[in-house]
Amino acid sequence: MLANIILFIFFYISSALMVIGYGQLSKSLIISNQKNFNEIGFIGLFGFLFLYFISSIIIFFYNINNFFSSIIFLLGITLFFIFLLKKQYNKKSLIIFSFIIIIFLPLAIISEPNEDFFFYYKPYMNYLENSKI
């Protein structure tokens, strides 16, 4: 039980870092080096849009399975730490981001799927995992 909670917290935090890593990558590809776009929320939005774009393109050619998801996950975390070592993040923004992640952690722990999840969403997600478009 304790191991499951620790694993959940690890993946909760690392998922947020993955999105920020992809956001920084897409920001550096699209906007280049403008200083007024260094807010974590803006970078996170870029990360979600980048991941959506990549998954929408790749699903035409391959199945999105656990192996592919793990590669995307590890690459995003690696990108976050590469950009962290290059000091591309504002220290104040990272502190605020960490505070927000900690505040929303109890909400993530106690949340449950709604009643439609197992009837509609879960079979549809299994269908998307097992077949390409």
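Okay, let's start with one alanine: if you skip the neighbours within four places in sequence, Ala16 is in contact with Phe97 and Ile101. Contact here means heavy atoms within 4.5 Å. Before I go on, this is a predicted model, so local features need pLDDT of at least 70 and side-chain atom pairs count only at pLDDT 80 or more, while totals for chains, interfaces and linings use all residues. Residues are numbered from 1 along each chain as its sequence is written, and side-chain values use heavy atoms, with hydrogens and water left out.

Back to Ala16. You'll find Ala16 in helix 1; helices are DSSP runs of H or I with at least four residues, strands are runs of E with at least two, and both are numbered from the N terminus. Is Ala16 buried or exposed? Ala16 counts as buried because its relative accessible area is 17%, and the cut-offs are under 20% for buried, over 50% for exposed and partly exposed in between, using a 1.4 Å probe and protein chains only.

Now the whole chain. The protein has 5 helices and 0 strands, so reading from the N terminus you get α-α-α-α-α. Of its 133 residues, 29% are buried. Take the contacts between residues at least 6 apart in sequence: 74% of them join residues at least 24 apart.

On to the inside. Which residues touch the most other members of the largest nonpolar core? They are Met18, Ile20, Tyr22, Tyr89 and Phe97, out of 26 residues in that core. Helix 1 (2–30), helix 2 (40–58), helix 3 (66–85) and helix 4 (91–110) are the elements that each give two or more residues to this core. By nonpolar core I mean buried Ala, Val, Leu, Ile, Met, Phe, Trp, Tyr and Cys residues joined through side-chain atoms within 4.5 Å. Have a look at Ile20: leaving out neighbours within four places in sequence, Ile20 is in contact with Ile40, Ile43, Gly44, Phe80, Tyr89 and Phe97.

Next, the rings. A search of the whole structure turns up 6 aromatic pairs. One of them is Phe8 with Tyr12, a stacked pair at 6.3 Å centre to centre with 20° between the planes. Rings of Phe, Tyr and Trp (its six-membered ring) pair if their centres lie within 6.5 Å, and planes under 30 degrees apart count as stacked, over 60 as edge-to-face and the rest as tilted. Both Phe8 and Tyr12 are in helix 1, 4 residues apart, which is about one turn of the helix. Then there's Phe80 with Phe81, an edge-to-face pair at 5.3 Å centre to centre and 75° between the planes. Phe80 counts as buried because its relative accessibility is 5%, whereas Phe81, at 42%, counts as partly exposed. Phe10, Phe11 and Phe73 form one aromatic cluster.

Last stop, the surface. What makes up the nonpolar patch? Phe8, Ile96, Phe99, Ile100, Ile103, Phe104, Leu107, Ile109 and Ile110 form it, with about 890 Å² of accessible area together. Patches take residues with over 30% relative accessible area and no salt bridge; like charges are joined within 9 Å, and nonpolar side chains (Val, Leu, Ile, Met, Phe, Trp, Tyr) within 5 Å. A salt bridge, in turn, is a side-chain nitrogen of Lys or Arg within 4 Å of a carboxyl oxygen of Asp or Glu. Helix 4 gives the most to the patch, with 8 residues. Phe8 is partly exposed because its relative accessibility is 36%. Ile96, in helix 4, is partly exposed too, at 44%.

Ile109 is also in helix 4, and at 46% relative accessibility it counts as partly exposed. Along the chain, Ile109 and Ile5 are 104 residues apart, but their C-alpha atoms are separated by 8.6 Å. Ile9, found in helix 1, is 100 residues from Ile109 in sequence and 8.7 Å away in space, C-alpha to C-alpha. At 26% relative accessibility, Ile9 counts as partly exposed.

Conventions:
Areas by Shrake-Rupley, 256 points an atom, 1.4 Å probe, with all protein chains shown as cover.
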